[in-house]
Amino acid sequence: MPGAPATPPAPGIADVPADGGTALNLSWTANTEGDLKDYGVYRATWALASPAPSLTRIAVPGTTHQAAGLTNVSTYYFRLTARDSSLNESGYSTEVSAFPVNNVP
């Protein structure tokens, strides 16, 4: 039985322009395992020293995610995992954080 996939790199994170401060875009480099099933995007409003309550699964080959429905200028913390077809999950990526900005003119 193979082990878990490699831990994905920390995602890049950016504000979504002209959205009223309600979304952030994440992107990352794809893992190369042949049996990769999906990525887990974990989100919280505090540093993720413990598992986050919010999880979104991104099907392969997806390497982007738009976190929507956020609160303007509230900080959000994200990290990723990779999961293979046997449901083995990698360790967590390095955490990133940002806050959405209301940049509508």
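Trainee: Why is Phe-99 called partly exposed?

Mentor: This is a predicted model, and in it Phe-99 has a relative accessibility of 42%. Buried means under 20% and exposed means over 50%, so Phe-99 counts as partly exposed.

Trainee: Why is Ser-93 called buried?

Mentor: The relative accessibility of Ser-93 is 6%. The cut-off for buried is under 20%, so Ser-93 counts as buried. Ser-93 is placed in the loop between strand S6 and strand S7, and Ser-93 touches residues including Thr-7, Pro-8, Arg-79 and Leu-80.

Trainee: What makes the pair Asp-38 and Arg-57 a salt bridge?

Mentor: The closest N and O atoms of Asp-38 and Arg-57 are 3.5 Å apart. A salt bridge needs a side-chain nitrogen of Lys or Arg within 4 Å of a carboxyl oxygen of Asp or Glu, so the pair qualifies. Asp-38 lies in strand S3 and Arg-57 in strand S4, so the pair ties together parts 19 residues apart in sequence.

Trainee: Which other residue forms a salt bridge with Asp-38?

Mentor: Arg-83 does, with the closest N and O atoms 2.7 Å apart. Arg-83 is in strand S6, so this pair ties together parts 45 residues apart in sequence.

Trainee: Are Asp-38 and Arg-83 buried or exposed?

Mentor: Asp-38 has a relative accessible area of 6% and Arg-83 has 17%. Buried means under 20%, so Asp-38 is buried, and Arg-83 counts as buried.

Trainee: What joins Asp-38, Arg-57, Arg-83 and Glu-89 into one network?

Mentor: Arg-57 also forms a salt bridge with Glu-89, the closest N and O atoms being 3.2 Å apart. Glu-89 is in the loop between S6 and S7, 32 residues from Arg-57. Salt bridges that share partners join the four residues. At 32% relative accessibility, Glu-89 counts as partly exposed, and Arg-57 is partly exposed at 30%.

Trainee: Which residues touch the most other members of the largest nonpolar core?

Mentor: Among them are Leu-24, Leu-26 and Val-41.

Key. Residues are numbered from 1 along each chain as its sequence is written. This is a predicted model: local features need pLDDT of at least 70, side-chain atom pairs count only at pLDDT 80 or more; totals for chains, interfaces and linings use all residues. Side-chain values use heavy atoms; hydrogens and water are left out. Helices (H or I, at least four residues) and strands (E, at least two) are DSSP runs, numbered from the N terminus. Buried means under 20% relative accessible area, exposed over 50%, partly exposed in between (1.4 Å probe, protein chains only). Contact means heavy atoms within 4.5 Å. A nonpolar core is a set of buried Ala, Val, Leu, Ile, Met, Phe, Trp, Tyr and Cys residues joined through side-chain atoms within 4.5 Å. Lists of a residue's contacts leave out its neighbours within four places in sequence.
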